[in-house]
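Here is a short walk through one protein model. Keep the sequence and the 3D view side by side as you read.

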Amino acid sequence: MKIPQHVAIILDGNGRWARSKGMPRNYGHVQGSKNVERICEDAYRMGIKYLTVYAFSTENWNRSQDEVDALMKLLRNYMKTCLKTAAKNDMKVRVLGDLMGLDDDIRNRILELQEATKNNGGLNFQIAINYGSRDEITRAVKRLAADCAEKRLKPEQIDETVIESYLDTHGIPDPDLLIRTSGEQRLSNYLLWQLAYTEFYFTDVLWPDFTKEELQRAIEQYNRRDRRFGGVKEETEHV
């Protein structure tokens, strides 16, 4: 079976999972955070090289203040936990999104985490925080336009490769497989540029219940797809 090099996941259903158990939404977010750690280990053991998860979107700021505050507290704690997990598992961590929209202490913890793990050789783990794809593209275009205005770049030099170099994901291969949990079937402003040729897999399973076996099912479905690029079928080898 061919293992996708890069898997992206929209972590959905934490709140519904908590309500189904008579617990507050924040309990679901805590359990969802713990599940991220488990799936990181499972993904790496399966041979996945890049895993990108959607943790907090630019639209999530519109949630209730209590929920946003709880998510920020969880994020602070997760940065500490992730630093230990990354050291243990040789994981390289990179955060996507507009870090300037976060509190100084969270931003500093993110920078510390990225610096501490930059030379690790295990799973490449990307976390999208304060991320929205339209915002990412808008920020990229602004930087690109500024470079053109300052004569560092000529408009005729702009192609897909140049644009990619201005995105948050520069240097990271595009996802082969996108997984969204909880039954929703939309992208929710996630990696719009990068998902141009990605296979989608939707499952009704809520994120805290998403297991190694569920990830295996998604990869099996991925292997049954007839992937074509520009009319040319992708060569796949089954082992």
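How much space lies in the largest pocket? The model is a predicted one, and in it the largest pocket holds about 760 Å³ of space. The pocket is lined by 33 residues. Closest to its centre are Leu11, Tyr54, Ala55, Asn60 and Arg63.

Start with strand S2. This strand covers residues 50-57. Seven of its eight residues are buried, so S2 is largely enclosed by the rest of the structure.

Now look at the partners of S2. Strand S1 (residues 6-10) runs parallel to S2, and five bridges join the two. Find Val7 as an example: Leu51 in S2 stands opposite Val7. Strand S4 (residues 124-131) also pairs with S2 in the parallel sense, over seven bridges. Here Val53 has Ile127 in S4 as its bridge partner. In a regular strand, side chains alternate between the two faces of the sheet.

Next come the aromatic rings. A pair of such rings is described by the distance of the centres and the angle of the planes. The whole structure contains seven aromatic pairs. One of them joins Tyr54 and Tyr131, with ring centres 5.9 Å apart and planes at 80°, so the pair is edge-to-face. Tyr54 sits in strand S2 and Tyr131 in strand S4, so this pair links distant parts of the chain, 77 residues apart. Are these two tyrosines buried or exposed? Tyr54 is buried, with a relative accessible area of 7%. Tyr131 is buried as well, at 0% relative accessibility.

Tyr131 has another ring partner, Tyr190. Their ring centres are 6.2 Å apart and their planes stand at 90°, so this pair is also edge-to-face. Tyr190 lies in the loop between strand S5 (177-180) and strand S6 (199-202), while Tyr131 lies in S4. The pair therefore ties together parts that are 59 residues apart in sequence. Tyr190 counts as buried, at 0% relative accessibility. Through these ring pairs, Tyr54, Tyr131 and Tyr190 form a cluster.

Turn to Gly13. Where is it placed? Gly13 is in the loop between S1 and helix H1 (14-20). At 5% relative accessibility, Gly13 counts as buried. Leaving aside residues up to four places away in sequence, Gly13 touches Ser182, Leu206, Trp207 and Pro208. Asp209 is 196 residues from Gly13 along the chain, yet their C-alpha atoms are separated by 9.3 Å.

Last, check the cysteines. How many disulfides are there? The count is zero. Cys40 shows why a bond is ruled out for that residue: the closest cysteine sulfur, in Cys82, is 6.9 Å from the sulfur of Cys40, which is too far for a bond. A disulfide needs the two sulfur atoms within 2.5 Å. Cys40 is buried, with a relative accessible area of 3%. Cys148 also counts as buried, at 17% relative accessibility. The cut-off for buried is under 20%.

Tyr54 is among the residues closest to its centre. Tyr54 also belongs to the tyrosine cluster, and its strand S2 is largely enclosed.

Methods. Residues are numbered from 1 along each chain as its sequence is written. This is a predicted model: local features need pLDDT of at least 70, side-chain atom pairs count only at pLDDT 80 or more; totals for chains, interfaces and linings use all residues. Side-chain values use heavy atoms; hydrogens and water are left out. Buried means under 20% relative accessible area, exposed over 50%, partly exposed in between (1.4 Å probe, protein chains only). Helices (H or I, at least four residues) and strands (E, at least two) are DSSP runs, numbered from the N terminus. Two strands pair if DSSP finds at least two bridges between them. Rings of Phe, Tyr and Trp (its six-membered ring) pair if their centres lie within 6.5 Å; planes under 30 degrees apart count as stacked, over 60 as edge-to-face and the rest as tilted. Contact means heavy atoms within 4.5 Å. On a 1 Å grid over the protein atoms alone, a cavity is a set of points where a 1.4 Å probe fits but cannot get out, and a pocket is an open set with protein on both sides within 12 Å along at least five of seven lines; lining residues have an atom within 4 Å of a point. Grid points are joined across faces, edges and corners, and a volume is the space filled by probe spheres set on the points.
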